[in-house]
Amino acid sequence: MPELKTEVMTVNMGPQHPSTHGVLRLVLELDGETVLSAAPTIGYLHTGIEKTAEQKKWQQVIPLVERMDYLSAQSNSMAFCLSVERLLGIEIPERVQWIRVLIAELQRINSHLVWLGTHGMEVGAVSVMLYCFREREQLLNLNEMLAGFRMFPSYMRIGGLREDLPRGFHAAVRAFLDAFPAKLDDYEDLLTKNTIYLQRAQGVGVISKEDAVAYGLVGPIARAAGVDYDVRKYFPYLGYDTLQFDVPTRSTGDVYGRYQVRVAEMRESIKICRQVLDRIEPTGPYAIKDPRITPPPKDRVYTEMEALIQHFLIYSQGFTVPAGEAYVPVEGPRGEHGFSIVSDGTNRPWRVKSRAPSLLACQALARMIVGGLIADVIAVIGSIDVVMGDVDR
Amino acid sequence: MDADALIALLQQAVPGAHVEPAASIDLQATVFVSSAEVPAIARALRDTPDLAFGLLAELTAVDYWPREPRYEVVYLLVSLAHRTRLRMKVRLAGEDAHLATVSDVWPAANWLEREVWDLMGIAFDGHPDPRRLLMPEDWEGHPLRKDYPVQIRMTPQAAEPLQVTAEEFRANVERDRLTRG
């Protein structure tokens with residue numbers, strides 16, 4: 001019998017592959033079904049947001065940064081506001097601080113739900129996607145109630161929030177928090193002990209603790225590998241040090257570990273939301289009282305000359321930010337992110353640089369898939385939860 | 001850890017290193033180091049047990065055109081063991097800006113340095129894969145430089161010139177008009 005001819009095959013996966021969560025291209029070299037090498041190519045979604053931000057006034061940057069990582073929009077704008085507020089040297093009222101924490105944690109649940117749904121679908125559990133998007137819809141409804149916009153509310157402003165919480169917001173959030181834990185149990189019933197899922201996820205895409213730190217991986221990927229780094233605990237901001245919550249970690253470093261960490265994180269986020277909801281008074285300040293930075297309420301603009309002038313100045317010239325450099329890290333759904341901003345003392349930023357956790361996750365992707373099977377590539381891409389808008393910016 | 005304690009530790013680890021403290025208003029100590037000493041200092045920052053900056057959170061650059069030295073490369077480092085952060089900065093002249101790579105110290109720097117090369121045009125000596133990261137490979141210029149225009153108005157260029165002359169084109173149009181009657 002003649003010897004069978006074997007050769008290495010090159011497969012081009014993406015950029016229009018449904019499991020690449022946007023436009024990620026992978027050039028894979030395969031020996032049979034085993035991946036020998038992987039070369040990710042990125043940049044298809046590069047829109048130059050950092051360059052555009054340099055042309056905008058400070059408060060005009062907020063809608064731009066929300067569109068970078070489109071699954072954690074409010075977490076982005078919060079990180080940007082915190083950095084600018086550090087440069088301005090302003091302290092926000094305590095009520096605003098708790099509202100921001102509440103919104104950030106709801107955003108984390110929202111992002112993890114999209115992740116869980118798409119990841120479940122990619123490994124064959126289509127019903128998980130339907131359930132997760134059902135709950136996500138309720139979170140988007142909360143956003144709509146809050147700001148009239150579902151994906152990119154631009155509700156965070158430098159110096160506070162755009163407006164006060166709408167009537168009935170507390171009750172709506174509480175209703176969601178009461179119903180959600182049972183839903184989360186349902187998702188776990190579908191996956192956690194599902195043999196098919198376990199076989200797709202356990203021992204797949206493993207990254208060691210040392211590699212996770214060396215490759216700059218943070219957030220759920222690092223915590224699944226045993227690194228307990230969480231910005232909320234290590235470098236507390238917005239009063240997170242006064243809240244009771246745990247940081248779930250696993251030591252396996254595989255796809256299943258990341259799944260467990262994210263599901264546990266949603267439960268911790270519910271705990272945080274309940275605590276801060278009790279601390280938010282129904283009425284109170286929603287922004288600092290600084291006429292140079294926050295615009296006056298609309299009813300005063302229509303009736304008072306000074307308020308009209310103030311409104312006009314803020315929306316035409318903006319405000320100046322003292323020269324300097326600031327970076328305030330926050331824990332987003334994908335790990336530490338934040339904005340390294342430089343001001344030259346004018347009303348426009350000199351440089352805005354986003355720390356993109358997805359970029360570094362994408363870089364480490366090759367390390368996780370080489371040596372595995374091509375079918376596992378999809379499970380691993382899903383498990384690292386990359387948002388291509390954040391990778392390419 | 002404040003900048004002074006950190007500088008004392010660094011100077012023990014790298015004798016003769018030139019490290020100067022800088023003002024900082026966030027929670028990270030900020031130091032300037034000279035570009036020639038970056039590889040040695042990076043290794044000392046990672047390997048000295050009292051520092052242990054194992055996580056490179058960010059590597060970026062700022063263009064201060066037209067000031068000289070024009071660029072500042074910024075490294076944001078995290079020490080998970082000591083729960084401290086450090087911002088290390090390097091000043092670079094505008095002419096022929098280049099710097100030694102740290103991707104052998106922190107593998108995370110690989111793509112971050114490629115991004116800085118791509119968008120700012122700062123070359124990293126000894127980089128294992130010195131290609132552009134975000135822009136197309138045949139792109140000219142480095143878009144995040146301050147002297148790079150925000151909007152370029154240029155006529156699109158065809159890859160090949162048209163194969164018909166102006167006379168032939170007019171004749172064709174005339175013939176079509178006649179045959180259509």
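Close-up 1. Strands (E, at least two residues) and helices (H or I, at least four) are DSSP runs numbered from the N terminus, and two strands pair if DSSP finds at least two bridges between them.

The model is predicted, and local features need pLDDT of at least 70, side-chain atom pairs count only at pLDDT 80 or more, and totals for chains, interfaces and linings use all residues. Residues are numbered from 1 along each chain as its sequence is written, while chains are lettered from A and ligands numbered from 1 in the order in which they are written.

**Close-up 2. The side of chain A that touches chain B.** The contact takes 31 residues from chain A and 27 residues from chain B, two residues being in contact if their C-beta atoms, placed from the backbone, lie within 7 Å. The elements that give two or more residues to this side of chain A include strand E8 (335-343), strand E9 (351-355) and helix H14 (357-363). By class, the side of chain A that touches chain B has 15 nonpolar, eight polar and eight charged residues, where Ala, Val, Leu, Ile, Met, Phe, Trp, Tyr, Cys and Pro count as nonpolar, Asp, Glu, Lys and Arg as charged, and the others, Gly among them, as polar.

**Close-up 3. The crossing of helices H3 and H4 in chain A.** The axes of helix H3 (residues 73-88) and helix H4 (residues 94-122) of chain A come within 8 Å and cross at roughly 140°, axes being lines fitted to C-alpha atoms, for helices over the stretch in contact, and angles running from 0 to 180 degrees between N-to-C directions. That makes H3(A) oblique to H4(A), because angles under 35 degrees count as roughly parallel, over 145 as roughly antiparallel, 65 to 115 as roughly perpendicular and the rest as oblique. The contact is made by A:Gln74, A:Ser75 and A:Met78 of H3(A), together with A:Arg100, A:Ile103, A:Ala104 and A:Gln107 of H4(A). By class, this contact of H3(A) with H4(A) has three nonpolar, three polar and one charged residues.

**Close-up 4. The three-stranded sheet of chain A.** An open sheet of three strands has the order E1-E2-E3 in chain A, with antiparallel pairing. Its edge strands are E1 (9-13) and E3 (34-41) of chain A, each of which pairs on one side only. Seven bridges join strand E2 (residues 25-31) of chain A to E3(A), and the bridge partner of A:Glu29 in E3(A) is A:Ser37.

**Close-up 5. The surroundings of Arg145 in chain B.** B:Arg145 lies in the loop between strand E7 (123-125) and helix H4 (166-180) of chain B. B:Arg145 is partly exposed, because 19 other C-beta atoms lie within 10 Å. Leaving aside its neighbours within four places in sequence, B:Arg145 is in contact with B:Asp63, B:Trp65, B:Met120 and B:Gly121.

Methods. Buried ≥ 20, exposed ≤ 12 C-beta atoms within 10 Å, placed from the backbone.
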